[in-house]
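Please read them with the structure open.

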Number of protein chains: 2
Amino acid sequence: MNIDTLLLARWVIPIEPAHTVYENYAIAIHNGRILALLPQSQLDNYHAQTQVSLQHHVLMPGLINAHTHAAMNPLRGYADDLPLMTWLQEHIWPAERKLVSPNFVYDGSLHACAEMIRGGITCFNDMYFFPEQTARAVELAGMRAVIGLIMIDFPSAYAQNAKEYLHKGLQLHDQLRSRQLLTTAFAPHAPYTVSDAPLQEIATYAEELDIPIHMHVHETAAEVEQAVAQQGIRPLQRLHQLGLLSPRLLAVHMTQLLDDEIALLVRQGVQVLHCPESNLKLASGFCPLHKLMRAGVNVGLGTDGAASNNDLDMFGEMRSAALLAKAVAHDARAADAESVLRMATINSARALGLEDHIGSLEANKAADIIAIKLDSVETLPVFNPVSQLVYATGRQHVTDLWVAGKQLMKDRQLITLDSHEILSKVNEWQHILVTT
Amino acid sequence: MNIDTLLLARWVIPIEPAHTVYENYAIAIHNGRILALLPQSQLDNYHAQTQVSLQHHVLMPGLINAHTHAAMNPLRGYADDLPLMTWLQEHIWPAERKLVSPNFVYDGSLHACAEMIRGGITCFNDMYFFPEQTARAVELAGMRAVIGLIMIDFPSAYAQNAKEYLHKGLQLHDQLRSRQLLTTAFAPHAPYTVSDAPLQEIATYAEELDIPIHMHVHETAAEVEQAVAQQGIRPLQRLHQLGLLSPRLLAVHMTQLLDDEIALLVRQGVQVLHCPESNLKLASGFCPLHKLMRAGVNVGLGTDGAASNNDLDMFGEMRSAALLAKAVAHDARAADAESVLRMATINSARALGLEDHIGSLEANKAADIIAIKLDSVETLPVFNPVSQLVYATGRQHVTDLWVAGKQLMKDRQLITLDSHEILSKVNEWQHILVTT
């Protein structure tokens, strides 16, 4: 059988079935899809145009960054060591008022794509202004993404009011309908920045278009307290009354959760996107990951934007998620390596409505694959490759990356993007920000 | 003036004075010591044998890993997702009974030295069996270290009883007395593994020899509860009664601290060595870093050993320390970037009694220096290099490293160590462990 590509590796971690590590295995790829996973001793039937031998590597599904603001990459390190509201109101929002434009979003998104590819991320779920520019950047990069159709009560360079945000979002949804690697989600910023009427419209349209709703929810205690003071109910309850609690809702952060709210999430099938490093850095609180997992809530994992993290590093995020959950649960068995690897792959795919296409290495799924080299001083010995990926591997150990069978990084060299050009644009934006 | 070396860099962060970043500066080095820091425009008087131009780099003092067990590197990833006592009693101690020997300690320590040099660490404070073998490895590597004179109630391959541990420790102290880069500390393992009599002997000898006492203290709640149940007092109080609470005591972990215990630490001048990632991973608890800092306790930073971390990555540890402190303190301003950079340099130097020699870039101090390159996709833009080092930089961005003016890594290539040879030994130890 003539096929496009055969990847041979020391270890293959398919994610599905769970608790599986294949040794000396191969992945057969054709027309962007996985045909089969099989032992290297059984390759006689396959004649591949390209064969790649990865003797010291793990192959696994590309990581899915389930929550980010790609365009904010040029704001990395612009304002640190500040609480969320000071950070937003006195630093980030004023900077955004200066900078945000179609070009800024395009350049920043390209920067983020370069960083994500170099870190083993094949797909991300985004929320930002001028999302059509992020879509353009993603297409140039060759990545997969869920483009957020942003909604916020404030006027911005992108739109003046709820009606315009919604209109532009629906227009973009239509434009992207036929793209192979792009889907969309509504992205109302947060309960405290979007009023009831647009939220209800979004709930209706999300059903009609069959797309997710991506939203920051219960990020800080202050947000919850303010809502209780002003509206008499906690934000999650308000979203429930507005009809938003469903498997479509991707609730990001969720550091403030009562036990009966977790039960409500379970009943309504709400999905949680966990961003542990952003929550720590902004002192937002601890998401009760172990309780969510025990209750059976599907939890995906995201880095948040570079302005609040300050990196788009899913290896770091997996490690932080695992380490932090143990301390919060007072149980070193909580969030074991396998669980967080699933959070960063199949759980995130499920949250984004993409689990039939990505998140595991299974026949007929898209060939979104990464190779990680484990023969360095930092990564040896390897007793258990799953554990090694989460607790000892850095994103710099990712060597190769494919999306839908197309190679985007080869031996750490970017193929679709020119990082020199991207960085010269980033330096220009920095110059504008500090001089205007 | 003829000198050995001039290092020119875009940024120099001297640590002392605090809150200082020099731009386009140079460091003049002669006979292993820093002669001067000065602007690149004022170099006319210096004629250097070697001049290195680091145009996209930060120069700063080498990082000091204030608590590790270097020899345990070959046990990286051997047992994960387990609580401290299960991890120790059912996995690590049995593995150590199989493996620990002079050769294991030498090979494991070399592995750790290679990892630490590659990660920007110039000095470490160690605790393990056969410490003379760690000393040998450190000398081959060319690093600086404080070698722990281990004491534990259990017999081991190294020594049979308290008397033998102490005797061997004192012997090693004598042997190392004249070495330029090596000093020693007593290293009684923990209150729950060392009895009163040897602790009192150590307290006496530490005064006499003028060296620190390096000890795990209040690592877990269980340790404290058990002590209270068995001896009627908390371990810190017992150490106080035994005369161990002084500026000599380097108390590692300290996740369980009452407010009056913090006051006691301040009164006695005890130094704390913080290991946030190990504490998270073993679910040991949260060290109240912000309270210690506010009280004025000197806090250094360490990675702990590779078996419980699972890396010797001080960049990761700085980031974890900063992020975690904010969440624990409910204050995003807690443990800002500058503070944790000081923890990993001058504070650790002070704890180890080495502040006159290392921990900052000042005239007459040893030339223990690292260069970090900040021109990559992951590290741009640079608004504030201090913040960038803590929140966005990975250890892979360290390019060059000098100890006492001698270069140990050049453009990421190790000079004194052969990583190929080291890793083949590590693979042999792994084979022995899994097959015997």
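This is a predicted model: local features need pLDDT of at least 70, side-chain atom pairs count only at pLDDT 80 or more; totals for chains, interfaces and linings use all residues.

1. Local features were taken at pLDDT of at least 70. Side-chain atom pairs count only at pLDDT 80 or more. Totals for linings use all residues.

2. **α4 and α5, chain A.** Helix α4 spans residues 162-176 and helix α5 spans residues 196-209. Their axes come within 11 Å and cross at roughly 15°. An angle under 35 degrees counts as roughly parallel, so α4(A) is roughly parallel to α5(A). The crossing is right-handed. From α4(A), the contact uses A:A162, A:L166, A:L170 and A:H173. From α5(A) come A:P198, A:E201, A:I202, A:Y205 and A:L209. By class, this contact has seven nonpolar residues, one polar and one charged.

3. **α11 and α12, chain A.** The axes of α11(A) and α12(A), the latter at residues 337-351, come within 9 Å. They cross at roughly 135°, which means α11(A) is oblique to α12(A). The handedness is right-handed. On the α11(A) side, look at A:M314, A:M318, A:A321 and A:A322. On the α12(A) side, look at A:V340, A:L341 and A:A344. The contact has seven nonpolar residues, no polar and no charged.

4. **α2 and α14, chain B.** Helix α2 covers residues 102-118, and helix α14 covers residues 419-435. The axes come within 10 Å and cross at roughly 130°. The pair α2(B) and α14(B) is therefore oblique. Here the crossing is left-handed. B:N103, B:F104, B:D107, B:L110, B:H111 and B:A114 contribute from α2(B). B:I422, B:L423, B:K425, B:V426 and B:W429 contribute from α14(B). The classes are seven nonpolar, two polar and two charged.

5. **Cavities.** How many cavities of 30 Å³ or more does a search of the whole structure find? The count is six. The largest cavity has a volume of about 510 Å³. Its lining has 32 residues. Nearest its centre are A:D313, A:G316, B:D313, B:G316 and B:R319. Which elements give two or more residues to this lining? They are α9 (276-281) and α11 (314-329) of chain A, with α9 (276-281) and α11 (314-329) of chain B.

6. **Largest pocket.** This pocket holds about 690 Å³ of space. It is lined by 22 residues. Closest to its centre are A:Q396, A:H397, A:R412, B:Q396 and B:R412. The lining divides into no nonpolar, eight polar and 14 charged residues. Please inspect the side chains there.

7. **Cis peptides.** Most peptide bonds are trans. The bond from A:L380 to A:P381 is cis, with omega near -5°. A:P381 sits in the loop between β13 (369-373) and α13 (385-391) of chain A. In chain B, the bond from B:L380 to B:P381 is cis, with omega near -5°. B:P381 lies in the loop between β13 (369-373) and α13 (385-391) of chain B.

8. **Positive phi.** Most residues other than glycine have a negative phi. A:M254 has a positive phi, near 50°. Where is A:M254 in chain A? It lies in the loop between β10 (249-253) and α8 (259-268).

Key
Residues are numbered from 1 along each chain as its sequence is written. Chains are lettered from A and ligands numbered from 1 in the order in which they are written. Side-chain values use heavy atoms; hydrogens and water are left out. Axes are lines fitted to C-alpha atoms, for helices over the stretch in contact, and angles run from 0 to 180 degrees between N-to-C directions. Helices (H or I, at least four residues) and strands (E, at least two) are DSSP runs, numbered from the N terminus. Angles under 35 degrees count as roughly parallel, over 145 as roughly antiparallel, 65 to 115 as roughly perpendicular and the rest as oblique. A crossing is left-handed if the near helix is turned anticlockwise from the far one by less than a right angle, and right-handed if clockwise. Contact means heavy atoms within 4.5 Å. Ala, Val, Leu, Ile, Met, Phe, Trp, Tyr, Cys and Pro count as nonpolar, Asp, Glu, Lys and Arg as charged, and the others, Gly among them, as polar. On a 1 Å grid over the protein atoms alone, a cavity is a set of points where a 1.4 Å probe fits but cannot get out, and a pocket is an open set with protein on both sides within 12 Å along at least five of seven lines; lining residues have an atom within 4 Å of a point. Grid points are joined across faces, edges and corners, and a volume is the space filled by probe spheres set on the points.
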